[in-house]
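Let's take a walk through a protein model together. Have a look at the structure, and then we'll go from the whole chain down to a single residue.

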Amino acid sequence: MGKASSGCFFQQMCSSLAGIFRERDHMKDFRRYLVLKYIQYLVLSSSNAISTLLGVLGSGYVMLTLQSTRVSSKSTTVFISSLAKADLLTFVSVTAELFLWSSAVSVPRTAFTPALLQNLLTANAHISTMLLSCVAVEAYLITFFPVESRCLRTVRKAMLTSRAIWLLVATECALLQADDVLKANSTSPSCSPSVWLLHFSSGAAALLRALSYLLGILLRIVNVYIYYKIFFSVSNRSTVRTK
């Protein structure tokens, strides 16, 4: 009798928790998550341990929330989903770094490994910054061109944009990884073709890093401008309604 009553109580508790989770306003949670990500990637000059941990935990919660059938499929949801998946790169990098640190004696560290872990973090930052900019552009279109931009704000185009961003950043990180490995394995200067390849790779990687840096600054400026316009537009509308 006691086991049956405790089993019924546990079942009721689980169903109650599931009901609370289903009835939760997921859009508010998504907005808080986006604010966290904006602070992490577009406000802070560099991510610290606390912001990284909060970001990974928030991404885990968002990925679980997106599995709910109550979450509608929209273009913004596609960008948020891709943004949450980008933190898997951070999780893999940090986990691998901790594993290598804890087993430094038994696991040999090559030049390939630390460069790869750093490039995973770089890929996460670049993907997240571009996806957050896509969300900002979409918010701008919804605010100022809600009807005219419907053909642009589709799930299919959001998925294509997200895939293009992932492909672009993957190509960037592959080039940076190749440059890091070539530098680590380079020998004394000679006239061999490998030296010319090293010089070309170093020049291309330096140019790529400079372009990424300039693009990051530009995206920060664009995001500030977009939300500045949205804020004052909403404020003006509220003032007109109250009069």
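This is a predicted model: local features need pLDDT of at least 70, side-chain atom pairs count only at pLDDT 80 or more; totals for chains, interfaces and linings use all residues.

A residue counts as buried when its relative accessible area is under 20%, as exposed when it is over 50%, and as partly exposed in between (1.4 Å probe, protein chains only). Residues are numbered from 1 along each chain as its sequence is written, and side-chain values use heavy atoms, leaving out hydrogens and water.

What is the chain built from? It has seven helices and zero strands, where helices (H or I, at least four residues) and strands (E, at least two) are DSSP runs numbered from the N terminus. As for contacts, meaning heavy atoms within 4.5 Å, take those between residues at least 6 apart in sequence: 77% of them join residues at least 24 apart.

Now for some packing. Two packed helices are described by the angle between their axes and the distance between the axes. Axes are lines fitted to C-alpha atoms, for helices over the stretch in contact, and angles run from 0 to 180 degrees between N-to-C directions.

Start with H2 (residues 26-43) and H3 (residues 49-65): their angle is about 150°, and their axes are 10 Å apart. H2 and H3 are therefore roughly antiparallel; angles under 35 degrees count as roughly parallel, over 145 as roughly antiparallel, 65 to 115 as roughly perpendicular and the rest as oblique. Among the residues that meet here are Phe30, Tyr33 and Leu36 in H2, and Leu54, Gly55 and Gly58 in H3. The residues of this H2 and H3 contact split into six nonpolar, eight polar and two charged. (Ala, Val, Leu, Ile, Met, Phe, Trp, Tyr, Cys and Pro count as nonpolar, Asp, Glu, Lys and Arg as charged, and the others, Gly among them, as polar.)

H2 also packs against H4 (residues 75-102), at an angle of about 50° with axes 12 Å apart, so H2 and H4 are oblique to each other. Phe30, Tyr33, Leu34, Lys37 and Tyr41 in H2 meet Ile80, Leu83, Ala84 and Asp87 in H4. This time the contact has seven nonpolar residues, no polar ones and two charged.

Finally, zoom in on serine 75, in helix H4. Is serine 75 buried or exposed? Serine 75 is buried, because its relative accessible area is 7%. Leaving aside residues up to four places away in sequence, serine 75 touches Glu138, Arg153, Thr154, Val155 and Ala158.
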